[in-house]
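Have the sequence and the coordinates at hand.

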Amino acid sequence: MSKKLISFIDITKSYGDNIVLDELNLYVRENEFITLLGPSGCGKTTTLRILGGFETPDHGRVIFDGKDITCLPPNERNLNTVFQKYALFPHMSIAENIAFGLKIKKKSRDYIEDKIRYALKLVNLEGFGDRSVDSLSGGQQQRIAIARAIVNEPKVLLLDEPLGALDLKLRQDMQYELIRLKNELGITFVYVTHDQEEALTMSDTIVVMNQGYIQQIGTPEMIYNEPVNAFVADFIGDSNILDGIMVQDRVVSVLGVKLPCVDEGFGSNRPVDVVIRPEDVEIVAPEDGFMEGDITSVIFKGVHYELDILVNGYEWLVHTTQLYAVGQHVGIRVIPFNIQIMNKPESEDEEAVEIDA
Amino acid sequence: MRRLMRQLLAGPYLVWIAGFIILPVGVILYYAFTTADGAFTFAHIAAIADPVHVKSILLSLKLGLSCTVVCLLLAYPLAMILSSFRFRHQSFVVFLFILPMWMNFMLRILSWRLILANSGIINALLVRLGFGPVKLLNTPATVVFGMVYDFLPFMILPIYNSMTRIKDDIIEAARDLGAGNLTILAKIIFPLTVSGIISGIIMVFVPALTSFVISDLLGGGKVLLIGNVIEQEFMQGTNWNLGSGLSVVLMIFVIASMAVMNIFDKDGGGAAVW
């Protein structure tokens, strides 16, 4: 694995009584696409702004490429930010916007011209140099914001919800653009979003955050398939989260039914959270299932149908490609591998779990 | 039919424009280009060439320019400080700066007359300190001081407005791209506030150029601005024709100065003042 480029060490930040980050520890590897994912107010943007130099942590240090940059102003850091609302300079042309950072670094005119051409080509906006900022659409402005940042050849590109203001189709296109850009440039991307789909599509590593704590760090597959707690499971995709009791290793009791599973080491008769993804629930004949219930609603979602099945007072969310009728009596099964067991959090705030990715 | 109804809505404004703008200007133009007998003449326009009038219009330009420059130098940093305030009472502080505008301006100038008089509070203090009474009133500098005092809010407000329109993330983006404070001021803040500066300059320079009350009260008749000359023609000399002629010339100066400013105003921020 490549070396650590950035380390956050014991970062704490609060605004008045509101603690936004509490002793956050995190590192970013070189050439990694790392995404900070979480609901609004989870501290992800603050983390990014501390890295960018726009906020100073109350405690803790930020190490970048072996140097302590905690107190360095933004203009002296070798990284660039793409802002959520683009933040292009309205009084400059597109070319002048892109040239801004290079002119400050006193690069030669030829060098700047070359860089502008290269950057515009990279974001597929060749020939836009003389246009004004106002004449571009939101998606085009976002590409220019990216071009303006990358011409400075930063070691790290910070992106603060850069696709938040774009419509769905454009957002999906831009996700592929960003992956392509990252591969072509070979630099580190630190990306902030609340959109789990964006995070899953683009990231090498996802950091799920909530209430100033890191909940889980891992690859998209790990985060999706093996969420460490109910928050992560609920935040990443749809989930059935049930109260269960770990009867013994490999046996969990849910809704009064004992199910075989693959998890061990929780002790015996411990209360746990049981997470089952809706696409992992199989619908079978009533007599073949672990439990049986009635379908209460069927919604067509395009690729699949979304069903609600009422079993012993719990409404299961189920995805299936087959059509069932409302009111139909069915059985459900889940293979042991798809049952995720996790410890219940000790309190609402302390959902933090240390995981080494 | 609907179209006609909509056009009728403009009626009251047309009456206003005709009665209170076109008609008075027409009357002034009529007086300016006629003699007392009603015969056509250029004499009253040409009267500006009279050495007394030349001297007063040059003085008006000089004092008006000084006032504008001083206002700009004071207002720009002040507007910057005001707009960078990030606390809840920001609008209250701005309000404090505008508050004096709501007091009768004659009253404000009169009070300065009392403060600056030979027997006023400042001279009383100076005498105590052994600097003897200093002549503070009736000098061109005092007139400029009064003008600055009166017109400063008109410079602060448009500049402050244009500064608050600059979003934080624009500044942060510039910093992120390597810009220090001076570069941000020169390349980002200043270009984005040019329209506010131009509005401010027009709103201060025009009343300063045509002012006569301030020079009357703080200049004590010793500082004769073109406004004072015109006033005298109307109020004392009762030569309305000459007064109108000089007014027309002054109007040409105002229009010319605004046209010059308009060259610098690329995005039309000063257009609101026209």
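A salt bridge is a side-chain nitrogen of Lys or Arg within 4 Å of a carboxyl oxygen of Asp or Glu. Lys3(A) and Asp65(A) meet this rule, with 3.3 Å between the closest N and O atoms. The pair links distant parts of the chain, 62 residues apart. Lys3(A) lies in the segment before β1 (4–15) of chain A, and Asp65(A) lies in the loop between β4 (59–64) and β5 (67–68) of chain A. Over all chains, the structure holds 19 salt bridges.

This is a predicted model: local features need pLDDT of at least 70, side-chain atom pairs count only at pLDDT 80 or more, and totals for chains, interfaces and linings use all residues. Residues are numbered from 1 along each chain as its sequence is written, chains are lettered from A and ligands numbered from 1 in the order in which they are written, and side-chain values use heavy atoms, with hydrogens and water left out.

**Interface of chains A and B**

Contact means heavy atoms within 4.5 Å. Chain A brings 22 residues to the contact and chain B brings 16 residues. Buried area is the accessible area (1.4 Å probe) that two parts lose on being put together, summed over both. Here chain A and chain B bury about 1,600 Å², with 67% of it on carbon and sulfur atoms. On the chain A side, Asn75(A), His91(A) and Phe100(A) lose the most area to chain B. Together they account for 31% of what that side buries.

How many salt bridges cross the interface of chain A and chain B? The rule finds one. Arg49(A) pairs with Glu172(B), and the closest N and O atoms are 2.6 Å apart.

Helices (H or I, at least four residues) and strands (E, at least two) are DSSP runs, numbered from the N terminus. β6 (79–82), α2 (94–104) and α4 (138–150) of chain A each supply at least two residues of the side that touches chain B.

Strands of a sheet pair through backbone hydrogen bonds, either parallel or antiparallel. Two strands count as paired if DSSP finds at least two bridges between them.

One open sheet has five strands in the order β13-β12-β11-β14-β20 (chain A), with antiparallel pairing. β13 (257–260) and β20 (340–343) of chain A each have a single partner strand, so one side of each is left without a neighbour in the sheet. Within this sheet, Asp273(A) has Met342(A) in β20(A) as its bridge partner.

Another open sheet of five strands runs β15-β19-β16-β17-β18 (chain A), also antiparallel. Its edge strands are β15 (282–284) and β18 (314–320) of chain A, each pairing on one side only.

| Strand pair | Bridges |
|---|---|
| β14 (270–276) and β20 of chain A | four bridges |
| β16 (291–300) and β19 (329–333) of chain A | four bridges |
| β16 and β17 (305–311) of chain A | six bridges |
| β17 and β18 of chain A | seven bridges |

Which residues partner Asp294(A)? In β19(A) the bridge partner is His329(A). In β17(A) the partner is Leu310(A). Further along the sheet, Asp308(A) stands opposite Leu317(A) in β18(A).

The hairpin of β16(A) and β17(A) has four residues between the strands. In this hairpin, Gly302(A) takes a positive phi near 100 degrees.
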